[in-house]
Amino acid sequence: MSEYKTDIDIAREVSGEHINDIGAKLRIDQKDLVPFGHDKAKISWDAINGAQKNKDGKLILVTAVTPTPAGEGKTTTSVGLTDGLNKIGKQTTVCLREPSLGPCFGMKGGAAGGGYAQVIPMEDINLHFTGDFHAITSAHSLLSAMIDNHIYWGNSTKIDSRRVAFRRVVDMNDRSLRSITSSLGGPTNGYPREDGFDITV
């Protein structure tokens, strides 16, 4: 057995703080937290708009980092830097984007950091988080369906179905869906055309 703990082993040994306690450390009122369980929350627009009058802080942007073979990349660097600055008495917060499922299940792996510089709960963050990507995928799919439906029901705006560039999306890295032919199966299914899926990001 390896003497080193895996990222998931380290994450599961930690008892996370309640999101209300984390909010209090960041001076965010409990009424401005929109909780997703006990360990995740969104911040209300009122709180975000109210912060505009605060004195500006400093921004450190960590970008364009090629991960090491051990997986140390942007997130690990950002979390480690935040921990280090907090350790020396600076009030610091890390802001990370929600990871896409495609890379999470591919070679890249998750996007919650690694080792002792990671955010938890790792599984929730990597697999669904607050559901925003699912909502984006649904909204995008609705627009795709509206375009096809408009063409099917008379196409009053004269859209050239051969030139529709608005592709569908799915939050998965699925090679078989990158280039497809849609609307097969007869006239009730629309006009057959080349289409495809991009990754929701």
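The model is predicted: local features need pLDDT of at least 70, side-chain atom pairs count only at pLDDT 80 or more, and totals for chains, interfaces and linings use all residues. Residues are numbered from 1 along each chain as its sequence is written, and side-chain values use heavy atoms, without hydrogens or water.

Domain 1 spans 7–129 and domain 2 spans 133–199. These bounds come from an automatic or database domain assignment. The C-alpha centres of the two domains lie 35 Å apart. Eight residues of domain 1 and six residues of domain 2 make the contact (heavy atoms within 4.5 Å).

About 550 Å² is buried between domain 1 and domain 2, with 66% from carbon and sulfur atoms. Buried area is the accessible area (1.4 Å probe) lost when two parts are put together, summed over both. On the domain 1 side, E98, L101 and G102 lose the most area, together 54% of what that side buries.

No salt bridges link domain 1 and domain 2 (side-chain nitrogen of Lys or Arg within 4 Å of a carboxyl oxygen of Asp or Glu).

Y152 and W153 form an aromatic pair, edge-to-face, at 5.1 Å centre to centre and 90 degrees between the planes. Rings of Phe, Tyr and Trp (its six-membered ring) pair with centres within 6.5 Å; planes under 30 degrees apart are stacked, over 60 edge-to-face, the rest tilted.

Exposure of the pair follows; buried means under 20% relative accessible area, exposed over 50%, partly exposed in between (1.4 Å probe, protein chains only).

| Residue | Relative accessible area | Class |
|---|---|---|
| Y152 | 30% | partly exposed |
| W153 | 66% | exposed |
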